[in-house]
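The sequence and the structure come first, and the pairs follow.

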Amino acid sequence: MNTSTNPYSYHESLKEDTINYRYVWRICLVAAMGGFLFGYDWVVIGGAKQFYEAFFGITGKDNAFWQGWAMSSALFGCIFGAMLSGGLSDKLGRKKLLIFSGFLYTLSAVGTGLAWDFSSFNVFRVIGGVGIGLSSNLSPMFIAETSPAASRGRFVSINQLTIVIGILSAQIINLLIAEKVAESATTAMILESWNGQTGWRWMFAAEAFPAFGFFVLMFFVPESPRWLVKNGRPQKAEKILTRIGGESYAASEVREIQATISAEETSHVRFGDLFDKRLFPVLLLGIYLAVYQQWCGINVIFNYAEDIFKAAGYDVSAILFTIVITGIVNLVFTFVAIATVDRLGRKPLMLFGASGLGIIYALMGAGYFFGVRGLPMLVLVLLAIACYAMTLAPIVWVVISEIFPNRIRGAAMSTAVLFLWIGCAALTFTFPLLNAAFQASGTFWIYGAISVVSFFVIYRFLPETKGKSLEQIEAQWSGPTGT
């Protein structure tokens, strides 16, 4: 086939052995460390909750507002970080902001561990949240813009794998650090214990070691080639792409990127383009998928595990260990997603995830309604986590990192991630309210209904992007139907 008449033909005939996968793995794994820190920072607070609440004197129903603020303060930082990431990443590049996020993670870990009062504790949590908001947007975006089309789904899914490893690491470290607490222990006993004075600090401070490693290693990672072309530096982009796939690959990639970016658009952030009648439906789809990833309800299992497992009949002494089991299942089934995303495609996995969760939540709601306790409920929770881990958790990040046009990818993805964190904050805040109003049964039935609706949204509006270059995906939205 003549590549001069078909700019995408090179990718159609590209052989796997032309790609320097060792180099691609190296830079993508470093970028994906942002995902690890995101997962750790997001979950570590759950294991430290009963200890820092005793230390800061915010136990009991009268302090529900301050308990909620401590749990969600980082999420407000996430929202702010996501708001910053779009415009700044298009102006300054992906690499610089990922370096900055590494610095914020390090500062937050050390500061939270040394917090001298409740205000300083939350200030450092917000700082860490800004780091999450930046890296949760930029790590998958950087990986998507750097990795080859034929294996992009697998590489972007690595970011979700590192998030899951970060979650599991936080759960294990919390379990290892925390000394056993008697079920009859009072708040005063917890406050006087090693956990209440020192242990919870180490849970947060332990993050400083990988955070500083991420900060240093990002200096040795190249900038996104697509960002370089967009900002008028195609020669530098071609050098990076040559190292990835050779001279022919690099030349073809640069031509494709340039074909999607007109001269007057180069180096300008075009937020107004988000509302273009052709692109706005793409943005709405990205926002919907990002919000649904949160409102499918899985994250309440991680944030409110104590409440959920207590409702299922588990006592306090078993909860930390049970939480680690959920983390192991989360990790194992993330590997399933990595193995299947580029073979089965994005859309089939998304449809499986939405339908699977709808069915599992119907059974969970029934179990809670009829008072089922113990192992059957644990099995249903683990099935829900497995279904989520192999579908919605990684695939949503893959999809929102690749469906937006080159020239506005930073602005569009940051908007989707902003709504993801707004959705996460809303989910975290409303779960206790829903649980109080509808009990666990009604709450999970609500999440199940959301999954059923989302199944039809995905079926109708989500195109398949498997094996296509980012430029091919952009051209796909330019067609007469946009699908």
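How many salt bridges does the count come to? The model is a predicted one, and in it the count comes to six salt bridges, taking a side-chain nitrogen of Lys or Arg within 4 Å of a carboxyl oxygen of Asp or Glu as the rule. Side chains of opposite charge can pair when their charged atoms come close.

Among the salt bridges are these pairs:

| Pair | N to O distance |
|---|---|
| Glu145 and Arg94 | 2.8 Å |
| Arg226 and Glu253 | 2.8 Å |
| Arg346 and Asp342 | 2.9 Å |

Glu145 and Arg94 meet in a salt bridge that links distant parts of the chain, 51 residues apart. Glu145 belongs to helix H5 (residues 118-146), while Arg94 belongs to helix H4 (residues 94-113). Buried means under 20% relative accessible area. Glu145 has a relative accessible area of 1% and is therefore buried. Arg94 also counts as buried, because its relative accessibility is 1%.

Arg226 forms a salt bridge with Glu253. Arg226 lies in helix H10 (residues 225-230) and Glu253 in helix H12 (residues 247-259), so this pair ties together parts that are 27 residues apart in sequence. Both Arg226 and Glu253 are buried.

What joins Asp342, Arg346 and Glu402 into one network? The side chains of Arg346 and Asp342 meet in a salt bridge, and both residues are buried. Salt bridges that share partners join Asp342, Arg346 and Glu402 into the network.

Conventions. Residues numbered from 1 in each chain as written. Predicted model: local features only at pLDDT ≥ 70, side-chain atom pairs only at ≥ 80, totals over all residues. Heavy atoms only, no water. Helix = DSSP H or I, 4+ residues; strand = E, 2+ residues; numbered from the N terminus. Buried < 20%, exposed > 50% of the residue type's maximum accessible area, 1.4 Å probe, protein only.
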